Amino acid sequence: MKSLASRSTEKVLFRNFLFMVLLQGANYLLPLVTVPYIARTLSVENFGLINYSQAFIGYTTLFINFGFDYTATREVAANRGNTQKISTVFSTTISAKVLLFALTLLVYFPVIYTIPKFTAHADVYLITFLVNIGIILMPSWLYQGMERLSYIALFSFGIRIIFTGLIFLLVKSNADYLYIPLSTAIGQFLVGVVSFILAIKLFNLKPYVAKLKAVVSSLREGLPIFASTVAVNLYTTTNLVVLGFMVSDTVVGYYAASSKLILIFVSAVMFPVGLTLFPFIGKKLSISHQSGMNALRKATYLVGGATFILSCGILLLSDYIITLIYGAQFTAAADSLRILAFLPFVIGLNNIFGTQGVLNLKMDKIFLMITTTGAVTSVALNLILVPILAEKGTALAWLVTEVFITVSFFITLRRKGFRLLKSRV
């Protein structure tokens, strides 16, 4: 009976992984079709502007999501058989997102219309901001907690293809750069609407507008995770934002080209693996220390091996990859890509040690402390290195920060008795 249950669990895990690969294929591999087209249609300057606006809008998206992808997922997974409780979590989370969206508007518009750097391209920043409407509606945390990722994956894949079609249909010249954030917003909105309606029908939910007290309570619970995601954002997205305040949009374009490729490679591997493993490893850790350690150890070798091979390939083929994807006008981006080449390997281990290990063990405060220290280190490194090395300094700051954080997570788990690199006897 135990063997049958184990095989059943592994079958569900593998099925979820396959559908998450499909979902991630829509979100990150399809850009490998659109990015070469966009890079050859836009100037390096406008390419940098679009990517800079997306990085900046990432702060608002981060605030609206508020760590619900982890806190709400844990709550849903723990009450999977209780429809009433799931409805409560669903309603409270959506209500909280609406409230956070409204608060975001109070800050966002004054920033856009008072800071010259943003005012000069206010149309870009306003259109890019529209993506947050779809973010509010998208209950990916619900599907993840219910381990029903196949539904949202299938719908998302189809709609992302429509989004890709919009790029080829609307973007014909350098002057059409505004259609890129608009297409992104339309795609996200359609995904959000479909997944929202489907969730209500699929899980027999009875949504309602949650009381302010319940919303505040959910925000208070998610605060440590939110603070951690802010810290993580400071050493990823903020790299690009800091760079943009010190150099031209053209130089930003070179860094954006290399960093976007790294994020595509990392996300294509780690997003399906990470979201699939999080509830699975959480269950194993709840069973026993040994069971959890075995699961984490297997994940370490599997993810570490795959991402190491990927990183070696990026390092050896940097020049070829940049020319193939972006064209000759982006050849200067190859230098920063070489610096970032081993990020997939480092981030892969970071996810296993940090998200799958430390967070699943509910060591949220330790996670926050490590990521916050990393964030401060990242900002300091950027301020020191960017004036000297420009985009290459930003790339180096990101790599060093990720290594520091990954090693810190590993040491934390080792002190808790999780010897992940020790072979089983």
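In which loop is Asn 204 found? Select Asn 204: this residue sits in the loop between α11 (179-202) and α12. Helices here are DSSP runs (H or I, at least four residues), numbered from the N terminus. The phi of Asn 204 is near 55 degrees, a positive value in a residue other than glycine. Asn 204 counts as exposed because its relative accessibility is 56%; exposed means over 50% relative accessible area, buried under 20%, and partly exposed in between (1.4 Å probe, protein chains only).

Before going on, note that this is a predicted model, in which local features need pLDDT of at least 70, side-chain atom pairs count only at pLDDT 80 or more, and totals for chains, interfaces and linings use all residues. Residues are numbered from 1 along each chain as its sequence is written, and side-chain values use heavy atoms, with hydrogens and water left out.

Next, select helix α12, residues 212-234. A kink of about 50 degrees lies at Leu 223, shortly before Pro 224; the bend is the angle between axes fitted to the seven residues ending at a residue and the seven starting there. Among the buried residues of α12 are Val 215, Leu 219, Ile 225 and Phe 226. The buried residues of α12 pack against several helices, including α3 (44-65), α4 (68-78) and α19 (364-389).

Move to α4 and select Val 76. Val 76 counts as buried because its relative accessibility is 0%. Leaving aside neighbours within four places in sequence, Val 76 is in contact (heavy atoms within 4.5 Å) with Ile 86, Val 89, Trp 141, Leu 142, Gly 145 and Met 146. The C-alpha atoms of Val 76 and Ile 86 are separated by 6.0 Å, although the two are 10 residues apart along the chain.

Now select Phe 330. Not counting residues up to four places away in sequence, Phe 330 touches Ala 39, Val 44, Phe 47, Gly 253, Tyr 254, Ala 257 and Ile 322.

Finally, select Ala 390, in the loop between α19 and α20 (391-415). Ala 390 has a positive phi of about 55 degrees although it is not a glycine. Ala 390 is partly exposed, because its relative accessible area is 21%.

Definitions and conventions: Helix = DSSP H or I, 4+ residues; strand = E, 2+ residues; numbered from the N terminus.
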